[in-house]
Amino acid sequence: MKKVAATTDGTDTSDGTAEDTAAPASRRRPARRRGTGRIAMAVSVFGELLITAGLVLGLFVVYSLWWTNVVADRAAAKQADKVRDIWAHEDDGGSGRPAEFDSKNGIGFLHVPTMSGDDILVEKGTSTKILNDGVAGYYTDPVKATLPTSGKKGNFSVAAHRDGHGAEFHNIHKIEKGDPIVFETKDKWYVYKVYGILPETSKYNVKVLSAIPKESGRTKAGHYITLTTCTPVYTSRYRYIVWGELERVEKVDAQRTLPEELR
Amino acid sequence: MYGWIWRHLPGNAWVRALISLALVVAVVYVLFNYVFPWAEPLLPFNDVTVDNQ
């Protein structure tokens with residue numbers, strides 16, 4: 001900083017450039033040479049730039065941890081309303097096409113009482129664009145998720161944000177073995193039970209998404225669910241994995257009575 | 001820098017304060033709507049999937 005200022009000064013003063021460069025800016029101030037004003041200005045501009053940079057970084061934190069949630073919650077609420085609307089509408093008219101296969105609007109809702117009091121809309125894909133709307137996305141890449149609605153054995157793998165953009169999986173560390181994960185579609189409740197947790201794994205560990213996730217301890221094909229998000233909080237150095245296995249499927253009744261796990 | 005801006009704003013102190021406030025709001029708006037959304041994916045805070053590209 002001083003060096004830059006001194007060099008600027010050195011080019012302007014005709015006498016003793018070398019001496020000027022060596023002398024600290026503070027000692028020269030009382031001399032009131034022609035260049036002193038410029039040094040002071042350069043230093044003050046530099047200081048102001050530093051303050052500005054600090055403020056911008058502070059604002060970025062505000063943006064990441066607060067504003068993205070506001071935007072995402074708004075988007076998620078809108079999309080969730082739309083899905084619920086479609087479900088309700090189909091009950092009246094009976095267009096024939098089951099809503100759970102309409103992957104454009106989201107396929108259903110995740111309920112994880114120990115993690116979050118809200119229902120989390122699940123949409124297709126785990127791209128930034130999808131997840132930034134404050135929803136969970138099921139994997140289509142690198143390993144395609146097997147949807148519970150298909151009835152086939154496989155792994156229903158889902159990702160969502162830990163912080164910002166709705167932070168739907170923020171409290172994933174509160175999930176313990178034996179806790180329920182309920183996936184709600186238009187006419188079924190899929191009740192899963194958590195049996196495996198991997199608190200830290202590499203982000204390249206695609207095996208956790210396998211149809212039979214071996215790391216969870218399972219060796220036979222079954223109806224599994226996998227939640228993935230980043231860890232530790234506020235960073236994404238590692239991934240946090242929670243596995244569950246389908247316990248039973250309940251039909252949704254006319255009042256949409258919640259399964260006992262959610263009551 | 002900020003002093004220079006202040007000196008070049010028109011009007012009395014109140015008008016200048018008002019204009020300054022408007023400028024600050026404009027800067028924050030641009031940051032929140034354009035700069036931060038652009039910068040965020042470039043920073044390693046929010047990747048949640050495995051095998052993220």
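**Notebook: strands, core and chain contacts**

I began with two neighbouring strands and found that β5(A) and β6(A) run antiparallel and are joined by 5 bridges. For pairing I used the rule that DSSP must find at least two bridges between two strands. Helices (H or I, at least four residues) and strands (E, at least two) are DSSP runs, numbered from the N terminus.

I noted the basis of the work. This is a predicted model, in which local features need pLDDT of at least 70 and side-chain atom pairs count only at pLDDT 80 or more, while totals for chains, interfaces and linings use all residues. Residues are numbered from 1 along each chain as its sequence is written, and chains are lettered from A and ligands numbered from 1 in the order in which they are written.

**Entry 1: the strands around β5(A)**

I then turned to β1 (residues 108–111) of chain A, which pairs with β5 (residues 180–184) of chain A in the antiparallel sense over 3 bridges. A:Phe109 has its bridge partner A:Glu184 in β5(A), and A:His111 stands opposite A:Val182 in β5(A). I also found A:His111 in a bridge with A:Asp119 of β2(A). The strands β1(A) and β2(A) run antiparallel and share 4 bridges.

I asked how much of β5(A) is buried. I called a residue buried if 20 or more other C-beta atoms lie within 10 Å of its own, exposed if 12 or fewer, and partly exposed in between, with C-beta atoms placed from the backbone. By this count 4 of the 5 residues of β5(A) are buried, so the strand is largely enclosed by the rest of the structure.

**Entry 2: the barrel and chain A as a whole**

I traced the strands of chain A and found a closed barrel of 8 strands in the order β1-β2-β3-β4-β7-β8-β6-β5, with mixed pairing. The twist from one strand to the next averages 30°. For such angles, axes are lines fitted to C-alpha atoms, for helices over the stretch in contact, and angles run from 0 to 180 degrees between N-to-C directions.

I counted 5 helices and 8 strands in chain A, which follow the pattern α-α-α-α-β-β-α-β-β-β-β-β-β along the sequence. Of the 263 residues of chain A, 32% count as buried.

**Entry 3: the nonpolar core**

I looked up the largest nonpolar core, which has 45 residues. Such a core is a set of buried Ala, Val, Leu, Ile, Met, Phe, Trp, Tyr and Cys residues joined through C-beta atoms within 7 Å. Among the residues with the most contacts inside this core are A:Leu110, A:Val122 and A:Ala160. β6(A) gives the most to this core, with 5 residues. As general background, I noted that nonpolar side chains tend to be buried together in soluble globular proteins.

Leaving aside neighbours within four places in sequence, the contacts of A:Ala160 include A:Ile120, A:Phe169 and B:Val48.

**Entry 4: chain B**

I examined where the chains meet and found 16 residues of chain B in contact with 31 residues of chain A. On the side of chain B that touches chain A, α2(B) gives the most, with 4 residues.

I asked where helix α2 (residues 13–39) of chain B is kinked. The kink is about 40° and is centred on B:Leu31. The bend at a residue is the angle between axes fitted to the seven residues ending there and the seven starting there. I also recorded that α2(B) is hardly covered, as the count of buried residues among its 27 residues is 0.

**Entry 5: backbone exceptions**

I checked the backbone against a general rule: most residues other than glycine have a negative phi, and most peptide bonds are trans. A cis peptide bond joins A:Asp141 and A:Pro142, with omega about 0°; A:Pro142 has its place in the loop between β3 and β4 of chain A. Another cis peptide bond joins A:Thr231 and A:Pro232, with omega about -10°.

A:Pro232 lies in the loop between β7 and β8 of chain A, and A:Tyr234 is found in the loop between β7 and β8 as well. A:Tyr234 has a positive phi of about 70° although it is not a glycine. With 14 C-beta neighbours inside 10 Å, A:Tyr234 counts as partly exposed.

Technical notes
Two residues are in contact if their C-beta atoms, placed from the backbone, lie within 7 Å.
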